[in-house]
Amino acid sequence: MDATTLQTSDRISSIVGQFISLHDDVAPNQDLQELGLTSMQMVNLMLSIEAEFDLTIPSSKLVPSNFRSIENIQALLRDLAH
């Protein structure tokens, strides 16, 4: 994992930690809904990702599967960068 990917992962983990307060260390592949993320929190997570990375996620990408885990969020950001 390169430094940029690690930094992105840390930023995403920090944001996710705001919504999953019962779990200090969320594994990159853990299902966030299984950890208690509600649908309202998922919307707020999407908005927080947009704000943190200063981007607008296209409506076609605003689907729950893109925000199911830290790995999925990272994949989404990589996809948007290309």
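A residue is called partly exposed when its relative accessible area falls between the limits for buried, under 20%, and exposed, over 50%. In this predicted model, P64 has a relative accessibility of 43% and therefore counts as partly exposed. P64 sits in the loop that runs between α2 (39-52) and α3 (70-81). Its C-alpha atom lies 9.4 Å from that of M46, a residue 18 places away in sequence.

The protein contains three helices and zero strands, giving the order α-α-α from the N terminus. Of its 82 residues, 32% are buried. The accessible surface amounts to about 5100 Å², and carbon and sulfur atoms account for 49% of this area. Where contacts link residues at least 6 apart in sequence, 53% of them join residues at least 24 apart.

Leaving aside residues up to four places away in sequence, T8 touches F53 and L77. On the surface, by contrast, M40, V43 and L47 make up a nonpolar patch with about 290 Å² of accessible area together. L47, one of these residues, belongs to helix α2 and is partly exposed, at a relative accessible area of 48%.

Turning to charged side chains, a search of the whole structure gives three salt bridges. One of them pairs R11 with E52, at an N to O distance of 2.9 Å. Because R11 lies in helix α1 and E52 in helix α2, this pair ties together parts that are 41 residues apart in sequence.

Another salt bridge joins the side chains of D31 and R68, with 3.9 Å from N to O. The pair connects distant parts of the chain, 37 residues apart: D31 is in the loop between α1 and α2, and R68 is in the loop between α2 and α3. R68 is partly exposed, with a relative accessible area of 27%.

A further salt bridge is formed by D79 and K61, whose closest N and O atoms are 2.7 Å apart. Here D79 in helix α3 is linked to K61 in the loop between α2 and α3, 18 residues away. D79 is partly exposed, with a relative accessible area of 39%, and K61 is also partly exposed, at 26% relative accessibility.

Notes. Residues numbered from 1 in each chain as written. Predicted model: local features only at pLDDT ≥ 70, side-chain atom pairs only at ≥ 80, totals over all residues. Heavy atoms only, no water. Helix = DSSP H or I, 4+ residues; strand = E, 2+ residues; numbered from the N terminus. Buried < 20%, exposed > 50% of the residue type's maximum accessible area, 1.4 Å probe, protein only. Contact = heavy atoms within 4.5 Å. Areas by Shrake-Rupley, 256 points an atom, 1.4 Å probe, with all protein chains shown as cover. Patch = residues over 30% accessible without salt bridge, like charges linked within 9 Å, V, L, I, M, F, W, Y side chains within 5 Å. Salt bridge = Lys/Arg side-chain N within 4 Å of Asp/Glu carboxyl O.
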